[in-house]
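Hi,

Here is the structure I said I would pass on. Have a look at it first, and my notes follow below.

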Amino acid sequence: MDRTLLGPEVMRRLVRTLLPAAALLLPAAAAEAQTMTVCIELIEGRDADELPSECGMITNVPIGIDECEANTRIRMQVNNVPAGASLLDFWRSQGSDCSQSLERDGEDDTCLPLFAEETADQAEVDVTVGVQDLVDCTLGQPMQTSTIYVLAADTSPERGEVSAFGTLTIAVDTARPDAPTDMEGGRGDTSIPVKWDLSAGNLFEHRIYAVVGGTLVGGGGAIADAGAPADAGGGGEDAGPPSDAGTDAGMTSDAGTDAGGTGGTDAGGTGGTDAGGTVACDTGGLSAGDLLVDADPVEVVGGTVSEVDIDPRDLGLGFGESAAIFVVAVDQARNESPLSEPACIERVETIGFCERIGGCEDEGCTCGAAPGAARSPVALGWVAALAAGALVVVRRRRRR
Amino acid sequence: MARTLVLVPVTLAALVAFDASPARAQYVAERQMSARPAALGTPERFAVELRGGPYTPDVGPPLDDSFGDDDGPLLAGEIDVFLLRIPYVGHVGIGGGFGWTRYTGRAVTPDGEETEEETSLTLLPIPILAVLRIDVLARELDIPLLVTGKIGVDVVPWSVTKGNEDSGSGVGVGLHWGVQLGLELDFFDRAAARSLDEEWGINHTFVFGELFGSHAEDQFSLADVTWAIGLGFIL
């Protein structure tokens, strides 16, 4: 046997090859390297049901445009920090295992150092950072996930081996959903269906806004300048920079953003019609493609709902008065689409079945019989005969 | 109504065809060879029927103007309780049912223009009946045919809506009658039919067509003479 085969270099290669396999075969040894957990305790502005249900991830409600824009604060707790570690070193993975020192050697960008936090020799360390410190908030990117590695370290950035680490998976979605299309309104007295075609994607809800007499119902509301050509009706992911830049305090018309292009609005954004073209309405300067901020919807329906019944009386409409209805789609990251094109509704006096059979002579339509009204004697006779017959049969049967 | 008139001859033709078919011969042979004649099955106490068919109350132009050609359908169920068996005739009993039908259309403006607002009429017929179910053909002559007559009272709660509002409701009452022709399905597989009886107490399964009339009235007529088809079980 050639002795060089058993030389020190060969032995080193052998050990290097076998060590990862040994780690896989010995779960206890492998688990020892990942003893820390990262639990989210607070995401500023979120309700409790929108927080992660388990440690190590923020994926149930992805980080959205508003949270990225506002650099929302996230408070996390890192548990099981080893006693010897003086720092928690945060890295963002670009698809690599950042617990491996080879991935943190700086030769490529597969792992990016973020920041470090002192442990103060505590086993549990609270860390509060802005969302921009953790993830790439480049606007317009559709849903993507990033993994944050938290390393037990002594230096920052830590490029050597670490004794412990934890991970946090974060989903980020800074692309707006498309606005609903093919809006349909109509006329009615107490209920007018407003319909639309759902936009693509997994939507969380739809927000319904109404403009009556040129004023947004519920007050508030401002139009954010869509900036770049809005593609509300066109189906693109990027509707331009989000919200607050260039926000108008009033409801000024964002002329030229009639991006829906599907009919129903005029170019100036001051009027609209229903799908049938029989109802016209004042949109108060709003038009398809506008980004509405800080406005109160008149109704909110689910993400898979494509029709809502509007009671024009709830909007304060009298007979002959109309309103413009806009719909905004909201995705799972709570990103809002631009406004849909308007659907016009008009309150009109209507005649239904009850009125047609002549039951509405008095105030209101009560075409039902008054309680206790007399029944046909023939019908009552049949009831009595049936009961008597049944009684006879039962008695005869008992006798037998 | 024309469809009603078609139903009866079609059923009769099917029965005639059945009578001459090999299936008929097999059915008779199985009945004769059976160690346990059908009459010796579990006691027959109930009949359960599920049915559907058109129903258009005789309201006239207001109904047509509001709902167009909407003819229901009326979906209903019925349970009959057999109180008495008349030898060589069949069962006498009482029955009760529950049905549902709804008509929808568009409300119009006073000028007659159609709007997007919905108006509807909902009927919930509840017949209370005396029932005579003649099964002598099936039990004594091996012809799997049931003839049933029903007569009683229809109680018909109804309600009308327009948009978000209930604009009227009431209860109509009137005579209800029906004539039913049923075809027992046991002959397809008598062993399975017996098994159903032994395990579930279902003596017979049958399909049927029924011509029936309701003469219920309230402020307006809820009456109609129409037909239904369905599936029934004798338990």
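**What I found**

Chain A has 6 helices and 21 strands, where helices (H or I, at least four residues) and strands (E, at least two) are DSSP runs numbered from the N terminus. Before you read on: this is a predicted model, so to speak of local features I needed pLDDT of at least 70, side-chain atom pairs count only at pLDDT 80 or more, and totals for chains, interfaces and linings use all residues. Residues are numbered from 1 along each chain as its sequence is written, while chains are lettered from A and ligands numbered from 1 in the order in which they are written.

Of the 400 residues in chain A, 40% are buried. Buried here is 20 or more other C-beta atoms within 10 Å of the residue's own, exposed is 12 or fewer, and partly exposed is in between, with C-beta atoms placed from the backbone. As for contacts (C-beta atoms, placed from the backbone, within 7 Å), take those in chain A with a separation of 6 or more: 73% of them join residues 24 or more positions apart.

Leaving out residues up to four places away in sequence, Glu299(A) touches Ile208(A) and Val308(A).

Now for some backbone geometry. Most residues other than glycine have a negative phi, and most peptide bonds are trans. Here are the exceptions I noted:

- Ser156(A) to Pro157(A) is a cis peptide bond, with omega near -5°. Pro157(A) is in the loop between strand E7 (144-153) and strand E8 (165-172) of chain A.
- Gly72(B) to Pro73(B) is also cis, with omega near 0°. You will find Pro73(B) in the loop between helix H3 (61-67) and strand E2 (74-86) of chain B.
- Asn71(A) is not a glycine, yet has a positive phi of about 50°. It belongs to the loop between helix H3 (65-69) and strand E3 (73-79) of chain A, and its 14 C-beta neighbours inside 10 Å are why it counts as partly exposed.
- Asp182(A), not a glycine either, has a positive phi of about 50°. This residue is in strand E9 (residues 181-184) of chain A, and it counts as partly exposed because 18 C-beta neighbours lie inside 10 Å.

Cheers

Definitions and conventions. Contact = placed C-beta atoms within 7 Å.
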